[in-house]
Amino acid sequence: MTDSMTHSTAPGPAEPRDYDPSGYDVPAAYHGEGEDDDGDEALRREAGEQESSRASRHWWDRNADDYQDEHGEFLGDDRFTWCPEGVDEGEVRLLGDPAGLKGAAVLEIGSGAAQCSRWLAAQGARPVALDISYRQLQHSRRIDLGRGLEPVAVVQADAAVLPFADGAFDHACSAYGAVPFSADTGRLMREVHRVLRPGGRWVFSVTHPIRWAFPDEPGVEGLTATSSYFDRTPYVEQDEQGVATYVEHHRTIGDRVRELVAAGFTLLDLVEPEWPEGLEQEWGGWSPLRGEHIPGTAIFVARRDG
């Protein structure tokens with residue numbers, strides 16, 4: 001769908017349409033087999049780029065309202081939280097010293113309602129929030145209108161086909177956005193490298209790959225490995241016609257490192273947050289019990305050197 005998009009000469013906002021407060025029916029995704037709440041079949045099977053992209057766009061459009069209702073308070077309107085463990089960019093500074101972000105063009109990939117971009121703007125950066133879901137970007141506009149602030153620049157596009165000129169951004173980031181849903185993350189990494197300037201950082205967080213060996217459950221049943229860590233077969237939910245309604249892709253730690261290196265990045269750090277003491281909130285398969293035993297998040301910190 002985005003293959004026909006041409007590269008613009010500079011990052012900039014899309015023209016917003018009015019926010020539509022109407023709701024959507026909400027299925028719940030999980031890493032198991034059987035059926036989801038909509039009766040869709042859940043299984044492991046191959047899913048290519050177009051099928052994955054289409055499924056992600058429709059799923060997040062349907063689920064954006066529920067996602068923001070359920071997690072909006074934790075995320076905040078203008079916080080930069082990397083993961084369910086609550087790692088805060090203002091404290092860990094994975095993009096560098098916040099003072100150094102002033103005036104920097106920063107691309108947030110898979111932005112949802114652009115909470116991270118709003119934090120970046122408060123540091124004086126010039127963020128652009130990109131998401132495949134129009135409904136998620138409507139929530140970004142809803143937040144901006146409610147706060148009476150200048151809206152965050154938003155773009156609806158597939159992260160594997162970025163509609164920006166070469167070297168348009170100083171940094172790029174993604175907090176659990178886009179990367180797990182892309183069938184060709186090697187291509188995604190190359191696209192991010194293309195739109196970054198030399199020295200730019202690319203920092204992204206994803207579900208820790210080891211979690212794919214375990215059921216996505218917060219209780220004790222989520223502590224026993226039931227699948228092979230090395231099985232890269234995508235997790236798919238499909239309707240009665242076999243059409244994918246949700247797709248998520250697995251890569252090992254080694255896969256991610258090789259993708260980054262092949263795209264031209266230098267890996268600076270790999271952060272595996274421990275579950276913080278006192279955090280009792282469960283978020284899907286993230287819980288104090290599981291967090292005590294196995295990592296839930298991997299944050300890759302990379303730099304474009306040339």
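Residues are numbered from 1 along each chain as its sequence is written. Because the model is predicted, local features need pLDDT of at least 70 and side-chain atom pairs count only at pLDDT 80 or more, while totals for chains, interfaces and linings use all residues; side-chain values use heavy atoms, with hydrogens and water left out.

Let us start with the chain. It holds seven helices and 11 strands, taken as DSSP runs numbered from the N terminus (H or I of at least four residues for helices, E of at least two for strands). Of its 306 residues, 55% are buried, meaning under 20% relative accessible area, with exposed over 50% and partly exposed in between (1.4 Å probe, protein chains only). Among contacts (heavy atoms within 4.5 Å) between residues at least 6 apart in sequence, 74% join residues at least 24 apart.

The largest nonpolar core has 30 residues, and L107, F164, F169, V192 and W202 touch the most other members. Such a core is a set of buried Ala, Val, Leu, Ile, Met, Phe, Trp, Tyr and Cys residues joined through side-chain atoms within 4.5 Å. Two or more residues come from each of several elements, including β3 (105–109), β7 (201–207) and α6. Helix α5 gives the most, with four residues. Another core, of 17 residues, lies apart from it, and F80, V87, L95 and W119 are among its members.

How do α5 and α6 pack? Helix α5 (residues 185–195) and helix α6 (residues 253–263) meet at an angle of about 40°, with axes 9 Å apart. Axes are lines fitted to C-alpha atoms, for helices over the stretch in contact, and angles run from 0 to 180 degrees between N-to-C directions. The two helices are therefore oblique to each other: angles under 35 degrees count as roughly parallel, over 145 as roughly antiparallel, 65 to 115 as roughly perpendicular and the rest as oblique. From α5, T185, G186, M189, R190 and H193 meet R256, E259, L260 and A263 of α6.

Finally, A262 also sits in α6. This residue is exposed, with a relative accessible area of 68%. Its C-alpha atom is separated by 8.2 Å from that of R190, 72 residues away along the chain.
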